[in-house]
Amino acid sequence: MSERTGWSRGLSVAADGKGQVGHAGVLLHRVADRVGLTAALAGLFPAGGSAIWRDRAHLIVALASTTVLGATNLSEAEALQAHHAAVLGIPASDSTAHRTLAALDESARVRITRARARVRRHVWSLLHLRPGGFPWLTAAGKRLAGWIVIDLDATIILAASKKEGAKATFKKTFGFHPLAAWCANTQESLAMLLREGNAGGNTVADHLAVLTAALAQSPVPPTRRSSYASTAPGPPTGIKHIEALNTARRTVRYLVGWTVTDQDETAIAKLPERAWEAALRQDGEIQEGCRIAELTGLSTRTGWPAGMRLLVRRVKPSGRHAKKLTAYEARTSSGTRSSPRTSGTCGASSAPTSPGFSTRSPARTPRSRTGCAPTRPWG
């Protein structure tokens, strides 16, 4: 056992209140050691021969663990690591951590990304071998075996001072607006793009970059094809890029969004009332205050792939959005929810038709949502 990962020898769980170390960061650090992440990172950094040298891989794992525990800056990370000193040793100073992060140039970040992908492939192989198997999702009672679902979501992170990249946000706050890709199966972040606070929530180029990075982090089982379902906003130009992500061993289904225009509202107005059906949540239960209808055949938009299905979702507007309704929405007392305002969602010709997926909010944004789903069934 190496010096880098041998700190956990003799570690045990006790309830006598003696010789204990608080916080869950110790267990997070141990998991990183056990799955090989610490060793994988160690191969990317130079080894120091000095007695006061701080192992860079150990430091990065410690920073990640303290971030999970709530550290928002390097000083807090150092303070939290001090709680683990009895087990992990004296923590590196915040200045050492700063120098380590500052030294991570583009090539170093690429190497770290590849190391993460290798470790994730190992971890997912272990998930497949456990008694319950890999955590496939269930939508409206249907088990989506073989599908990896990726959600793209932009989130506001507040900043208390004028830090680098902190800007005024669309919610009239101050901070950052990172865009992340989350694996719904394992609840882990596959990729994240750090962005300034004034970055758009539905910027197509950013979504495509994050989706591509997320797919690179998603292991492909060696004995089978893999299929992915993704939610992201984007016009037909963005859809062409997503379609190009399909390979001989990877099938990509998607749900994307676009801004609803007067032309779209004209098509929506032609829908008879009987066309609107109750929308379902992922668990198959009816989603109160939300109805869904198919717009395929009525829309006069061009540029979509063949076989694309368009779905419209009608919801009761919130008080905040009631002030921004279009004339059609005001007349019908409803919004056609999507991103960022009166916009729509669409899924590729091979996207899932499961109610649990087609009515799911792709970007978790307010207002009207129209959607599109495929002609082929889910799975």
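Accessible areas here come from the Shrake-Rupley method with a 1.4 Å probe. With that in hand, here are some notes on this predicted model, in numbered points.

1. **Overall picture.** The accessible surface of the protein is about 19700 Å², and carbon and sulfur atoms account for 55% of that area. The chain has 379 residues, 44% of which count as buried. You will find 13 helices and 15 strands as you go through the model. If you look at contacts between residues at least 6 apart in sequence, 64% of them join residues at least 24 apart.

2. **Helix 3 against helix 6.** From helix 3, the residues involved are Arg56, Leu59, Ile60 and Leu63, which meet Thr96, Ala97, Thr100 and Leu101 of helix 6. By type, this contact is made up of five nonpolar residues, two polar ones and one charged one.

3. **Thr66.** Staying with helix 3, please have a look at Thr66, which lies in this helix. Its relative accessible area is 1%, and buried means under 20%, so Thr66 is buried. Beyond neighbours within four places in sequence, Thr66 is in contact with Ala71, Ala77, Leu80 and Gln81.

4. **Strand 7 and its partners.** Strand 7 (179-183) is largely enclosed by the rest of the structure, because four of its five residues are buried. Strand 3 (residues 147-154) pairs with strand 7 in the antiparallel sense, over five bridges. In that pairing, Asp151 stands opposite Trp182 of strand 7. Strand 8 is also joined to strand 7 by five bridges, and these two strands run antiparallel. Here Leu179 has Leu193 of strand 8 opposite. As a reminder, strands of a sheet pair through backbone hydrogen bonds, either parallel or antiparallel.

5. **The turn at Gln187.** Strand 7 and strand 8 form a hairpin with four residues between the strands. Gln187 sits in this loop, between strand 7 (179-183) and strand 8 (188-193). Although Gln187 is not a glycine, its phi is positive, at about 60 degrees. With a relative accessible area of 63%, Gln187 is exposed. I would simply ask you to view the backbone here when you go through the model.

6. Ala140 is not a glycine, yet its phi is positive at about 55 degrees. Ala140 belongs to the loop between strand 1 (138-139) and strand 2 (142-143).

7. Strand 5 is joined by two bridges to strand 6 (residues 174-176), and the pair runs antiparallel. For orientation on screen, Ala168 stands opposite Phe174 of strand 6.

Technical notes:
Residues numbered from 1 in each chain as written. Predicted model: local features only at pLDDT ≥ 70, side-chain atom pairs only at ≥ 80, totals over all residues. Heavy atoms only, no water. Contact = heavy atoms within 4.5 Å. Nonpolar A, V, L, I, M, F, W, Y, C, P; charged D, E, K, R; others polar. Buried < 20%, exposed > 50% of the residue type's maximum accessible area, 1.4 Å probe, protein only. Pairing = 2+ DSSP bridges.
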